[in-house]
Amino acid sequence: MAIHFPADHELFACVEQFAPYWTPEERNQWYDIRIEREKSHNWIRRFNSDFVMSAEDDRTLIALHKLSLELGTDYRGRHNGTGKIEVLFARDYGVGKYRTYDDIVEDFLPNSRKRLCTEVLKVAPIYNYVRRNIAPIENVEMRLGFRLDELDRTVNLYFKIVEIKDRKPNPNFSLQSVINDFKIPDYLVKWWDIMDVEGQVRRGERELKTNPFNCYGDDYYRVPSFPLIEHGITNSIVGKYWRGRPEYDFPEISNCSICFHHTIKQLQQQWRNPFAAHKMRWAREAEKIKGRTFKRHQVNGKSIPMSMQNILQLPLQLQMDFIDYASCDSGSCTD
C-alpha cells in the first residue's frame, strides 16, 4: 500500500521488549539472519537509542527497514539513512505506566480476557504522535491496509458483535447517520449494503461501538481510507506482487510472536522459527514468574490454560492452515 498509494506520513508503532532469551547457538548461527536483523535494529535505534528487541517478528522489522529506505530514496538513489517510515514508541508517545511489553507483563499476562497491548503500545502512541507533530487540531486521513477480502474488519472498526443472549432489536437504526458522522467512503458503503450491516444492527446482532475508529477517547481525530479495498486488491494480488520482490521476506504470522490470538499450530511454528524462538522462551519464563498463561485452549467446551512449554512439547502439527487470521482491527498492528 505504501508503495502504490503513498501518504504524507508512514507510521509504525513498535512494541518494545527487553530481556532477549537467545541461546549461544542462536547468537552464532543463521549468519544472514543476524546481519539483516542487526541492520534493522540499528535503523530502529535512530528513533530509540535504547532499543533491544521487539515482540514482533524480526522479519517484520527487516521488511519495514527495506521499505522505509525504498520509500525515502529520491530519483538520484539517495536517502537520509532512516527513509520515510517514522518509528514510534510508547516510551515517547504512550500514556500511563505501560511503555513496553515488559511493563504490561509485570502486572499481568495479556490474554483474550484482558488485552490492552495494541491500545497502549500502538494506538495511543500513534494518536499522540499525530496530535503533537502532524495535526494538533484538524482531522487526518488515516489509510489502513485492509484488503477487499477483509471487509469484515472494516465493519468491526465501528460495530461490535452482540452475544445472542444480549441481543435487542433496534428497528429504528439508520446506517446513513453512521456514514455521515464518520465519513465512511462510498466504495465501502456499497459493500456494507451488500453485507446488510444495517440489518444486522436492526436485528440486534451488532451494535455501534462506544469508541468507533475515528475517535480516540472523545477526540474525533481521523477519518478512514482503504485504498486496497477501493481498488479491488485481494490477498492473492498482494501475494503475487511480493513474490516478484524476493528481496522482501515476510513472516508467515504477523503481529507479535507470542500473541494469544495465535492458534496452537502457529505458536508451535514460532517455537521452531529462528526469528521467534527466543521470544517464545521469554514468554515461557514470564508464565513461570506470573503463574499464568498467555494462551487458553478450548477442550470439550471448557477453557483450560495452555502454557508455552506445553505447546513446545505437543506433537508437531504438520498441516499449517494459514488462512488470514485478522486478529486486530485497530489498524495499528502489522496485518
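Student: At 12% relative accessibility, does Arg131 count as buried or exposed?
Tutor: This is a predicted model, in which local features need pLDDT of at least 70 and side-chain atom pairs count only at pLDDT 80 or more, whereas totals for chains, interfaces and linings use all residues. Residues are numbered from 1 along each chain as its sequence is written, and side-chain values use heavy atoms, with hydrogens and water left out. With a 1.4 Å probe and protein chains only, buried means under 20% relative accessible area, exposed over 50%, and partly exposed in between. At 12%, Arg131 therefore counts as buried.

Student: Which side chain meets that of Arg131 in a salt bridge?
Tutor: A salt bridge is a side-chain nitrogen of Lys or Arg within 4 Å of a carboxyl oxygen of Asp or Glu. For Arg131 the N to O distance is 2.9 Å, and the partner is Asp219.

Student: How many residues apart are Arg131 and Asp219?
Tutor: Helices (H or I, at least four residues) and strands (E, at least two) are DSSP runs, numbered from the N terminus. Arg131 lies in helix H6 (residues 117-134) and Asp219 in strand E9 (residues 219-220), so this pair links distant parts of the chain, and their separation is 88 residues.

Student: How far from Asp102 is the nearest side chain of opposite charge?
Tutor: Lys and Arg count as positive and Asp and Glu as negative, while His and the chain ends are not counted. Asp102, in helix H5 (residues 101-107), is buried yet has no salt bridge, and the distance to Arg91 is 8.9 Å.

Student: Which residue does Arg91 meet in a salt bridge?
Tutor: Arg91 is partly exposed, at 27% relative accessible area. The N to O distance in its salt bridge is 2.8 Å, and the partner is Glu16.
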